[in-house]
Amino acid sequence: MENYYGLMSAILSPFFSSVSTIFKSEAAKALSPLVVVSFGGIIGSIILFAIVLFRKERVDKNLLRENIKDIGFLVVLRFMLGEIIFTYGLVNTSAIKAIFFTKIEPYFVLILAWFLLKEKIRGKDLLLLTIHLFGALLLSTGGILLLPHGGDLLVILAMFCFASSYIFGKRVSHNLGPTLGSAIPMGIANLILFPIAIISSPSN
């Protein structure tokens, strides 16, 4: 049964990720990247905290203090820099191209794990990722060779930021739990970004 749920998660995750990229792209073009990032993040963190409350999970202050450095890196790399750069990239490229370039993230994860954590890269992993990337190319572009520029480069840079955050996110998730480990840095980042988004909004 666990294998079934794992398989379903593996299938549904990229589907929902692609759908959210399309909606995020349209929202960022209609509003502004900062507004989309801050409001979306606040709503996301509220949902995650609601799940935490529903599960009656407790926030251990000692664990928070012990993981404050990793949480800080996670806030900056993933929920601020990564999200902002990604959303600005979506404004300057098509959603379909952005979906393709998000498939580069696992490569960055492997490279950073090898370079910083000295983890061994297996040939099987590279082969599977290459097949995955090639499949994404065919599905997203019809097989047309794409040369990244402008918004594409911002999306690629955002994927590097996301991949860099896994080093810290892995420890936070292990120590605080996956839900709380995401809710806290997401909430902190978007409380910081919210007033900036309001001040910089075109309506002001």
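Modeller: Helix H1 gives the most to the lining of the largest pocket, with nine residues. The model is predicted, so local features need pLDDT of at least 70 and side-chain atom pairs count only at pLDDT 80 or more, whereas totals for chains, interfaces and linings use all residues. Residues are numbered from 1 along each chain as its sequence is written, and side-chain values use heavy atoms, with hydrogens and water left out. Helices here are DSSP runs of H or I with at least four residues, numbered from the N terminus.

In the largest pocket lies about 1200 Å³ of space, a volume being the space filled by probe spheres set on grid points that are joined across faces, edges and corners. A pocket is an open set of points on a 1 Å grid over the protein atoms alone, where a 1.4 Å probe fits, with protein on both sides within 12 Å along at least five of seven lines; lining residues have an atom within 4 Å of a point. Its lining comprises 39 residues, and Ser17, Ser20, Arg78, Glu83 and Phe162 lie nearest the centre. Two or more lining residues come from each of H1 (2–30), H2 (33–55), H4 (68–91), H6, H8 and H9 (178–200). By class, the lining has 19 nonpolar, 15 polar and five charged residues; Ala, Val, Leu, Ile, Met, Phe, Trp, Tyr, Cys and Pro count as nonpolar, Asp, Glu, Lys and Arg as charged, and the others, Gly among them, as polar.

The axes of H6 (105–116) and H8 (151–176) come within 8 Å and cross at roughly 45°; axes are lines fitted to C-alpha atoms over the stretch in contact, and angles run from 0 to 180 degrees between N-to-C directions. That makes H6 oblique to H8, since angles under 35 degrees count as roughly parallel, over 145 as roughly antiparallel, 65 to 115 as roughly perpendicular and the rest as oblique. The contact of H6 with H8 divides into 11 nonpolar, one polar and one charged.

H4 and H8 pack at about 155°, with their axes 8 Å apart, and are therefore roughly antiparallel. Their contact has 20 nonpolar, six polar and four charged residues. H2 and H9 pack at about 150°, with axes 7 Å apart, and are therefore roughly antiparallel.
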